[in-house]
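Please look through the predicted complex shown here before reading on.

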Amino acid sequence: MTIALERIITGIEGLDAILEGGLTRNRATLVAGTSGSAKTVLAVQFLAEGITKFDEPGVFVTLEESPDDLRKNMIGFGWDIEKWEREGKWAFVDASPRGREQPIVAGEFDFGALIARVKNAAGKVKAKRASIDTLAAVFLTYKDVDIVRRELLLLTEALKELKITSLITVERLHEYGEISRFGVEEFVTDNVIVLRNPMERERRRRTIEVLKLRGANHNKGEFPFCVTTGRGIAAIPLSAIELKQHSSNIRVTSGNDILDRMCNGGVFRDSVILVSGATGTGKTLLSTQFLNGGAAKNERCLLLAFEESREQLFRNAQGWGVDFAGLEKAGLLKVICMYPEVRGLEDHLLAMRMAIEEFKPKRVAVDSLSALERAGHPRGFRELIIGLTSFIKTKEITGLFTATTSTLVGGASITETHISTITDTIILLRYVELFGEIKRGITVLKMRGSKHEREIREMLIDEHGMHIKEPFRRLAGVLSGNPQVLSEPFSPDGDSHAEAYSEDG
Amino acid sequence: MKFRLFICGENTSSNLAVQNARRLIQGLNGNGHDLEIIDVLENPEIAEEARILATPTLLKEDPAPLRMLVGDLSDLTRVRSILQLPAEVEHEKNDGGHQ
């Protein structure tokens, strides 16, 4: 029988989920990363979150940057180190080499002074946490690897005795390969976290990986993270949060009565709807009506637009009889337009999450995902969808994403194949060629956990918006875009309310 | 000249460093040389102020420039050359005589 190790919640967004409940208490964790991988930010944030969220004071041992530089550099993240120092919650152990020439080694030595200073500082603030940033400096000064290994062990033992949970950062030269520069550091600590910052498609993609958490479970693999002003590091624990989704049976309107009927009474509140169709089939209209339907019930709605400008969107809505400007004025709608190319997908995800947290909407429409897909790596795109979907669900928000198919008639988009398993409901909008005329068709392809209509209905668009008509009769192959006229009704009993039930994706 | 020697409690390298530092001072010409010995276990604040990491550490604080030596100072000849001090004339002559 094993006894579960006590954990300490780091407070760093997403990291505790990856760690499955935080770091192991009173143990040392090595944080390895190349230069620019945000090691120092993580080290500072570990203490900052401890102080602000859990009232756990900390000691920061700086071996590279001066305390003054750190105080200045970290204020942008919202961390007022100087204030915490005054309050006796933060103590620096300053071992930065500034303004001093390199020490010269003349005989046997140890790091007794460093350990004595850490103990002294820890006693002063009654520290529960410590960060040591970064070991590279020590290695460069004292070239004896054996001494550093021995002393590092003594230091981690001392911290353990003081009942302090610690992070020790160490520099690596490459993103993959040896964990630490000198190849010994990772053997000294119980836990190892790796921060990476590789180039992918001309963009930096930051990831965090828990490589080792001795005696405790954790999520494996690399998880993307962002570093943002006023917030610091936020990791995106995809698989970790995916499992914790809950769904409700509360139904809400899609914004169109007939579509609600096709969905057996509306869409589920904590669900995500994917609307897929070629350009001009009515995706933006459907999302406009979705938002309008929410606003009509006094729900706050958020539109995250990646394809059209604000003016264009407002004009479109006006053309369909929806007054976006009026809804915004009433505080029921917020329209945020973003250019997909201006930032990486992780940053987009974070920006979207922040917009949601700020506005606290009941509905969110993203128009369109395909625009975002073009801005990044396929893997990053899938991660974004998972991250956004699970976030929306935990916030009890109804989401509607649009995806553009590349071919005008029939066909599936790449977006669709990527994410159809993640979304709960899929609505297809298709052009249908019929008797030399192009018509629009709409159908509910899938609806997780609910009955739904299977027929393909005709849809008209005019100045009042969307009108869903009768199902296409006596036709086969509508979805492919080339329907065949059948001489006999397809349904043997002529039942026009054929229903399907999707068990799962 | 003014020196400060930081040691960490009672141990072999501390004791060796103290002995060697004293020998170094004794070998200097003239009077008024000062060696302050600081145990970091008793005075961590002083170590904090001087940003000392390793023990033993010998600081030559006066005259400028500041010099920092880390270790038990067992190779005094090397220490002297780093600090640009003259060789310890008498002792070394005696040592040489015994060989």
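## Chain B: contacts and layout

Among contacts in chain B between residues at least 6 apart in sequence, where two residues are in contact if their C-beta atoms, placed from the backbone, lie within 7 Å, 61% join residues that are at least 24 apart. This is a predicted model, in which local features need pLDDT of at least 70 and side-chain atom pairs count only at pLDDT 80 or more, while totals for chains, interfaces and linings use all residues. Residues are numbered from 1 along each chain as its sequence is written, and chains are lettered from A and ligands numbered from 1 in the order in which they are written.

Chain B has four helices and four strands, which are DSSP runs numbered from the N terminus (helices H or I, at least four residues; strands E, at least two), and from the N terminus on the order of these elements is β-α-β-α-β-β-α-α. Of the 99 residues in chain B, 32% are buried, a residue being buried if 20 or more other C-beta atoms lie within 10 Å of its own, exposed if 12 or fewer, and partly exposed in between, with C-beta atoms placed from the backbone.

## Confidence

The mean pLDDT of chain B, pLDDT being the predictor's confidence in each residue from 0 to 100, is 83, and 88% of the residues of this chain reach 70 or more. Over residues 92-99 of chain B, however, pLDDT stays under 50, and the model has one contact beyond four places in sequence for this stretch. Where pLDDT is low, the predicted coordinates should not be read in detail. For the complex, the predictor gives an ipTM of 0.86 and a pTM of 0.70.

## The contact between the chains

The contact takes 27 residues from chain B and 20 residues from chain A. On the side of chain B that touches chain A, the elements giving two or more residues are α2 (44-49), β4 (67-70) and α3 (76-82) of chain B, and α2(B) provides the largest share, four residues. The residues of this side of chain B divide into 16 nonpolar, five polar and six charged; Ala, Val, Leu, Ile, Met, Phe, Trp, Tyr, Cys and Pro count as nonpolar, Asp, Glu, Lys and Arg as charged, and the others, Gly among them, as polar.

Strand β6 (residues 104-105) of chain A runs parallel to β4(B) and is joined to it by two bridges, where two strands pair if DSSP finds at least two bridges between them. The bridge partner of A:I104 in β4(B) is B:L69.

## A sheet in chain A

An open sheet of nine strands in chain A has the order β19-β18-β20-β21-β17-β22-β23-β25-β26, with mixed pairing. At its edges stand β19 (333-337) and β26 (465-471) of chain A, each with a single partner strand, so one side of each is left without a neighbour in the sheet.

Strand β17 (residues 272-277) of chain A is largely enclosed by the rest of the structure, because six of its six residues are buried. A:V272, A:L274 and A:S276 point one way from β17(A), whereas A:I273, A:V275 and A:G277 point the other way. Six bridges join β17(A) to strand β21 (residues 398-404) of chain A in the parallel sense, and five bridges pair β17(A), also parallel, with strand β22 (residues 425-434) of chain A. A:L274 stands opposite A:F401 in β21(A) and opposite A:I426 in β22(A).
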